[in-house]
Each structure stands twice: as C-alpha cells, then as structure tokens.
Amino acid sequence: MIDAHENIAKALKCSTGEEVAVTWRLDRKGVATGWCRLREAAGILPAARAVADLKGRLSMVTAYLPEATKHSGVRELAYHFDLDGTTLTIRIQLPPERAQVPSLTPVFRSADWNEREFMELYDIKVTGHPDPRRLFLDESIEPAAFERLIPYSTFSNGASSKALWDRVFADNDHKESP
Amino acid sequence: MKPSHKHLSSQVLRLYRINAGSCNGCDVELAVTASVSRFDVGSLGCSYTENPADAHIVLITGPLTVRVREKVLRCYAEVPEPKIIILVGVCPISGGVFRDSYAVSGPVDRYLPVDVNVPGCPPRPQAVLAGITEAADLWRARQGIAVASPTAVTSACQGQGANGTTGVRGRMRFTAAACVGCRMCEHVCAGGAIRFQEEETGLRFTLWHNTCAFCGMCSHYCPTKALTATDEWQMAHRQEEKYRLVEQGIIPLVPCTGCGVPMLPVAAELLRIVYRGVSRETERLKTLCTECRQKQSIGGLRR
C-alpha cells in the first residue's frame with residue numbers, strides 16, 4: 001500500500017513537473033483516500049495521463065465555489081480518480097477571470113459529460129474537448145447559469161403562474177365546493 | 001362520397017405518444033394501457049402507433065421543455081388532420097411542479113389546440129382511459145358520427161370501483177369549517193395549486209386540480225385536516241373545463257362578540273388540538289378577536 005501511494009506521488013510529480021503532496025486518509029474499513037492540489041490548472045492533463053498509466057480511471061469531476069473563496073470568486077475543480085479501489089482526488093483552483101482547463105475526455109471518456117456540464121453552468125473554458133455541445137441547457141439560454149445571481153422571482157418567472165391563476169379566478173367567480 | 005358511419009364508428013383509432021420532457025411517470029402509466037389487459041386501450045377500440053402519419057389521437061406527456069419544443073411541434077405536425085390532443089398529467093396542462101422554470105416552455109396549450117386534459121401526477125391508467133374515451137368521442141363527433149353514451153371506461157375499469165377503491169391517490173378535498181386560515185397548505189404546495197384570497201365576506205380557498213401533484217403535503221401539514229386526500233381519480237375533462245376544475249371553499253368572517261370587528265372563526269378542530277376539548281372558558285373566548293380576548297383574559301393589551 002505504502003509503495004502504491006509513493007508511486008502515485010512520484011508519477012504525479014514526474015508528469016506535472018511540480019512537487020505534489022498527497023495526503024492519505026484511512027477510513028474505519030481501511031479504505032484509503034488520497035487528496036492533493038495542483039498549482040497549475042493545466043497540470044491536470046498530464047496528471048490524468050499519469051493516472052491512466054497506473055491503470056486508474058476517472059470517476060467524476062466536480063466544479064464548485066468553496067465557502068472560503070466565495071467573495072473572491074475563485075472556483076475549484078475536483079477530479080476524483082479511482083485506482084483499484086483507492087480514491088485519489090486532485091483539486092485545482094481557477095482564477096475568477098478567464099478560467100481555462102484542458103479537457104480530459106481524450107484520456108478518459110467518462111470526463112465528457114462532466115466537462116460539458118460545468119462548461120455550460122460555469123464560466124469555465126474547456127480546451128480540446130472533442131464534442132463541446134450543450135449538455136442540458138438549451139442553446140437559447142445564456143451560458144454560465146450558475147455564475148449569475150438570478151433572483152428567485154426571476155429564475156422562477158411567475159408570469160406563467162399568474163396568467164393561469166388569473167384564468168382560474170376569472171372562471172370560478174363565486175363557485176364553492178359543497 | 002361520404003364514408004359510411006358504421007365503418008367510421010368501428011374504425012380503430014390510433015394513438016401516438018409524444019414525450020415533451022416528461023419525468024416518465026405518466027409514460028409508465030401509459031405503458032400500462034398498452035401492456036396490462038385490464039387497462040388495454042384495445043378495449044376502447046384504440047391501438048398505439050409509432051408512426052405519426054397513421055395517428056388520430058396524440059397523447060402528450062411532460063411540461064414541454066425549451067429543449068424539446070420544436071421537436072414536439074414537428075412530430076405533432078406530422079399527424080394528419082383531423083386529430084385530437086390529450087394532455088396526460090398536470091405537467092403538459094399547467095407546467096405542474098416545473099412551471100415557471102427557465103427551461104420550460106409550456107403549458108402545451110400555448111402552442112397546440114388541446115382537446116382533452118387528464119390531470120394527475122401521474123394519472124391512473126383508468127383516468128387515461130377515460131381521457132382516451134373522451135377523445136375518441138370527440139374525434140367521432142367531429143366526423144359527424146353519433147356517439148353512444150360512453151360505456152367503455154366503466155367496462156374497462158370494472159372491478160376497480162371508479163370512486164370506491166382505497167389506497168388510491170386522487171383529488172384533494174377541502175372542508176371550510178375545519179380551516180383555520182393558517183395557509184400552510186399554500187406554502188408547502190409543490191405544484192402551486194393552492195391560493196387564498198381575502199374577500200369582504202371571508203377567506204376564499206381555491207385548489208386548482210390541474211396543477212395538483214397528489215403529493216398530499218397540504219393534508220400532511222394541515223393542523224386541523226381541513227384538507228384530505230380522496231381516491232377520486234376521475235378527472236379527465238375537456239379543455240373548456242380546464243380552469244373550472246377547482247376545489248373551492250370560503251371561510252366566512254364572523255363579528256367579534258366584544259367589538260364587532262370581523263374575524264376568522266375558530267375551528268372546533270383547532271380547539272380540540274390546542275385545548276384537547278372545549279371548556280366554558282374557551283367557548284366564551286373563541287368568539288372574541290385577539291384584542292378583546294387579551295382584555296378579557298389578562299386585563300389589557302400586550303404586544
């Protein structure tokens with residue numbers, strides 16, 4: 001186990017060219033989880049190749065705005081890899097402006113939908129994605145929906161409800177159930 | 001030459017389904033009407049088709065999302081005239097719990113000439129059959145064919161008991177006398193199906209069945225059980241009835257016996273819950289407004 005952990009750290013260092021400190025945790029059942037950060041967002045592609053070389057796979061990618069950086073707008077991406085039952089999470093930080101990450105889809109096909117999802121929900125550019133179409137949002141909807149502060153009243157535009165209820169009231173003037 | 005009526009009335013009407021962004025709940029119920037013999041649309045002289053060009057009746061599920069709108073309209077256009085539209089579930093009828101979302105284009109009748117609505121979330125297969133019967137009658141009536149009284153649904157649902165089955169989710173019922181006007185039901189209603197209006201004579205309650213998801217949250221949170229679920233599933237109706245499918249009630253204001261100011265009466269159900277019964281004291285205080293009650297019980301106003 002210790003060897004495997006050292007191999008991962010070594011492979012990440014070799015591929016990204018930066019010193020990567022992986023913190024390992026063990027849960028009650030002995031399942032190990034590794035956590036690390038990369039300084040450069042671009043380093044995620046070589047890191048992913050290194051994981052692929054170790055016969056790992058990509059479980060999922062999560063984009064989020066951490067509580068600590070809520071005001072500066074520095075978002076993070078967490079890439080969750082699986083190495084034979086061991087989870088390795090690599091996190092990268094993105095600048096508030098012109099955030100850009102390389103696509104992992106050429107390395108792991110499972111990155112495809114995750115990347116398309118955060119491309120349309122956040123203002124994050126993914127370079128080199130083989131199929132950068134919209135995943136959920138219609139083309140008519142402006143991108144980066146999660147980046148905009150949309151008041152609830154606008155988000156759930158009550159115009160439709162109002163129109164329907166106006167009709168209901170108009171058609172039921174003074175009608176009562178028995 | 002006019003086709004013979006006998007021929008047309010016995011003609012098998014073909015049903016074409018369009019999923020307009022449904023969660024698939026209604027589609028599962030539709031599948032029942034294709035695969036379970038007791039609810040089979042064959043008993044109504046109908047059959048499903050995958051070819052829009054063959055269809056007479058179009059069944060639409062889902063709230064009509066922005067994403068599928070154009071595709072839905074295209075599929076509908078491929079169905080030859082004359083055609084009848086049935087909306088299955090509250091989503092296509094009113095948007096249901098998805099109404100007002102930026103991703104929803106519906107209700108469907110903004111774009112298409114709807115004929116029959118089958119509310120529910122999802123509607124029971126019997127209700128879908130009732131809607132199809134209505135639609136088939138309409139189709140035949142538009143061909144100038146006399147329609148016999150609709151017996152098909154009753155026979156298809158025999159053994160089910162149209163309104164007597166227990167454990168079935170159906171329309172909600174409102175009892176004005178038990179309502180305390182707390183409006184919790186309006187607050188928790190996922191489909192936005194409940195509205196209160198303050199009127200001169202009292203507080204008006206309206207529940208519009210065409211956006212009720214049968215979730216039962218209103219009843220669950222109603223302290224006095226003024227709202228209860230029934231097993232009445234039969235709510236298929238023609239489009240003209242769309243906005244009239246409501247449960248309404250008015251809680252009349254009563255004058256305070258102290259100062260005469262109009263106030264909402266205290267429901268006996270509420271007293272039972274709060275005081276576990278009624279004493280002579282509560283009986284006297286319940287007819288007083290808040291201010292008079294305070295004066296009577298603690299000798300003055302406290303705010």
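Visitor: What percentage of the 178 residues of chain A count as buried?
Guide: This is a predicted model, and a residue is called buried here if 20 or more other C-beta atoms lie within 10 Å of its own. When that cut-off is applied to the 178 residues of chain A, the buried share is 25%.

Visitor: What covers the buried residues of H3(A)?
Guide: Helix H3 of chain A spans residues 111-121, and its buried residues are A:Ala111, A:Asn114, A:Glu115, A:Arg116, A:Phe118, A:Met119 and A:Glu120. The elements that cover these buried residues include strand S3 (57-64) and strand S7 (124-127) of chain A.

Visitor: Turning to the other chain, what percentage of the contacts in chain B with a separation of 6 or more comes from residues 24 or more positions apart?
Guide: Chain B has 303 residues, of which 39% are buried, and its secondary structure comes to eleven helices and 13 strands. Among its contacts with a separation of 6 or more, the share from residues 24 or more positions apart is 78%.

Visitor: Which strands stand at the edges of the open sheet of six strands in chain B?
Guide: The order of this sheet is S2-S1-S3-S4-S5-S10, and its pairing is mixed. Within it, strand S1 (residues 13-19) and strand S3 (residues 57-61) of chain B run parallel and are joined by five bridges, with B:Ile18 standing opposite B:Ile60 in S3(B). The strands that pair on one side only, and are thus the edge strands, are S2 (46-48) and S10 (237-238) of chain B.

Visitor: Why is one side of S7 and of S11 of chain B left without a neighbour in the sheet?
Guide: These strands belong to an open sheet of three strands in chain B, with the order S7-S8-S11 and antiparallel pairing. Strand S7 (194-198) and S11 of chain B stand at the edges of this sheet, so one side of each has no neighbour there, because each has a single partner strand.

Visitor: By how many degrees are neighbouring strands of this three-stranded sheet turned against each other on average?
Guide: The order S7-S8-S11 tells us which strands of chain B are neighbours in this sheet.

Visitor: Which residue of S11(B) stands opposite B:Leu207?
Guide: S7(B) and S8(B) pair in the antiparallel sense over five bridges, and a hairpin of three residues joins them. B:Leu207 lies in S8(B) and is the bridge partner of B:Ile194. S8(B) is also joined to S11(B), by seven bridges and again running antiparallel, and there the residue opposite B:Leu207 is B:Glu247.

Visitor: Are H2(B) and H5(B) roughly parallel or roughly perpendicular?
Guide: The axes of helix H2 (residues 25-35) and helix H5 (residues 125-142) of chain B come within 9 Å and cross at roughly 75°. Since angles from 65 to 115 degrees count as roughly perpendicular, the relation of H2(B) to H5(B) is roughly perpendicular.

Visitor: Which residues of H5(B) meet H2(B)?
Guide: By class, this contact has five nonpolar, one polar and one charged residues. H2(B) brings B:Glu29, B:Leu30, B:Val32 and B:Thr33, and the residues they meet in H5(B) are B:Pro125, B:Val128 and B:Leu129.

Visitor: Which element gives the most to the side of chain B that touches chain A?
Guide: In all, 21 residues of chain B are in contact with 18 residues of chain A, and by class the side of chain B has eight nonpolar, seven polar and six charged residues. The elements giving two or more residues to that side are strand S8 (202-208) and strand S11 (246-252) of chain B. The one that gives the most, with five residues, is S11(B).

Visitor: Where in chain B does pLDDT stay under 50, with 18 contacts beyond four places in sequence?
Guide: The mean pLDDT of chain B is 87, and 90% of its residues reach 70 or more. Where pLDDT is low, the predicted coordinates should not be read in detail. One stretch under 50 is residues 1-6 of chain B, with two contacts beyond four places in sequence, while the stretch with 18 such contacts is residues 151-163.

Notes
Residues numbered from 1 in each chain as written. Chains lettered and ligands numbered in written order. Predicted model: local features only at pLDDT ≥ 70, side-chain atom pairs only at ≥ 80, totals over all residues. Contact = placed C-beta atoms within 7 Å. Helix = DSSP H or I, 4+ residues; strand = E, 2+ residues; numbered from the N terminus. Nonpolar A, V, L, I, M, F, W, Y, C, P; charged D, E, K, R; others polar. Pairing = 2+ DSSP bridges. Axes fitted to C-alpha atoms, helices over the stretch in contact; angles between N-to-C directions. Parallel < 35°, antiparallel > 145°, perpendicular 65-115°, else oblique. pLDDT = per-residue confidence, 0-100. Buried ≥ 20, exposed ≤ 12 C-beta atoms within 10 Å, placed from the backbone.
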